[in-house]
Amino acid sequence: MELWTIWLIAAGILIIAEILTQMMLALCLAVGAIGALAALGIGLGFEWQVVTMACISLLTYAAALPRFRKWQNRRSDRKCRTGMDALTGRRATVTHSVEPGKTGRARIDGDSWQIEAPGIDHTISAGEEIIVTGYKSIVLTVRPA
């Protein structure tokens with residue numbers, strides 16, 4: 001088997017590994033293998049092909065890492081909120097009125113929650129809409145909508 005086919009097969013295997021793992025390192029090594037293939041094409045010896053692969057892989061990694069981290073952070077910002085965190089920002093309907101300094105109840109998606117509205121100076125009556133701003137233990141903190 002000729003050396004150019006080995007570099008081409010190595011690049012193909014690394015690209016497949018990148019598709020399966022999405023870890024970026026395999027992609028950088030694949031680009032390095034293609035660089036080694038180019039070094040073979042211009043007549044450099046095997047040692048220089050390996051050095052070319054290493055250098056191009058490192059340069060690709062250094063250039064791609066900031067972009068990859070930015071893309072990864074953007075994806076993690078869209079993470080699904082679950083549990084109590086998923087309620088923050090949601091609208092609810094008051095079922096038992098909330099008086100200043102006291103608790104009441106509200107319904108979100110068919111579930112009844114105990115609520116408090118710190119800082120209000122008036123009663124929020126049953127039937128009014130509120131917005132969940134946070135929670136303390138299992139008591140939701142809300143504000144009028």
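Glu116 and Lys136 form a salt bridge, with their closest N and O atoms 3.6 Å apart. Glu116 sits in strand β3 and Lys136 in strand β4, so the pair ties together parts that are 20 residues apart in sequence. This is a predicted model: local features need pLDDT of at least 70, side-chain atom pairs count only at pLDDT 80 or more, and totals for chains, interfaces and linings use all residues. Residues are numbered from 1 along each chain as its sequence is written, and side-chain values use heavy atoms, with hydrogens and water left out.

**Salt bridges**

- The structure holds 4 salt bridges. The term stands for a side-chain nitrogen of Lys or Arg within 4 Å of a carboxyl oxygen of Asp or Glu.
- In the opening pair, Glu116 is partly exposed at 22% relative accessible area, and Lys136 is exposed at 53%. Buried means under 20% relative accessible area, exposed over 50%, and partly exposed in between (1.4 Å probe, protein chains only).
- Asp109 and Arg90 also meet through their side chains, at 2.8 Å from N to O. This pair links distant parts of the chain: Asp109 is in the loop between β2 and β3, and Arg90 is in the loop between α3 (46–77) and β1, 19 residues apart.
- Asp109 is exposed, with a relative accessible area of 63%. Arg90 is partly exposed, at 29%.
- Glu99 bonds to Lys102 in another salt bridge, with the closest N and O atoms 3.9 Å apart. Glu99 is partly exposed, at 37%.

**Strands**

- Helices (H or I, at least four residues) and strands (E, at least two) are DSSP runs, numbered from the N terminus. Two strands pair if DSSP finds at least two bridges between them.
- β3 (residues 111–116) pairs with β5 (residues 139–144) in the parallel sense, over 3 bridges. Here Ile115 stands opposite Leu140 in β5.
- β4 (residues 129–136) and β5 run antiparallel, joined by 6 bridges. Ile131 has Arg143 in β5 as its bridge partner.
- β4 and β5 form a hairpin with 2 residues between them. In the turn, Ser137 has a positive phi of about 60 degrees.
- Thr141 lies in β5. Thr141 is buried, with a relative accessible area of 9%.
- Leaving aside neighbours within four places in sequence, Thr141 is in contact (heavy atoms within 4.5 Å) with residues including Glu116, Ile131 and Lys136.

**Nonpolar cores**

- A nonpolar core is a set of buried Ala, Val, Leu, Ile, Met, Phe, Trp, Tyr and Cys residues joined through side-chain atoms within 4.5 Å.
- The largest core has 16 residues. Leu87, Ile108, Ile115, Ile124, Ile130, Leu140 and Val142 touch the most other members.
- The elements that give two or more residues to this core are β1 (91–96), β2 (103–108), β3, β4 and β5.
- A second, separate core has 8 residues, including Ala26, Ala30, Ala33 and Met53.
- Beyond its neighbours within four places in sequence, Ile115 has contacts that include Val94, Ala106, Ile130, Leu140 and Val142.

**Helix α1**

- α1 (residues 3–21) has 19 residues. From first C-alpha to last, α1 reaches 27 Å, close to the 27 Å expected at 1.5 Å a residue. The expected span is 1.5 Å times one less than the number of residues.
- Thr5, Trp7, Ala11, Leu14 and Glu18 are buried in α1.
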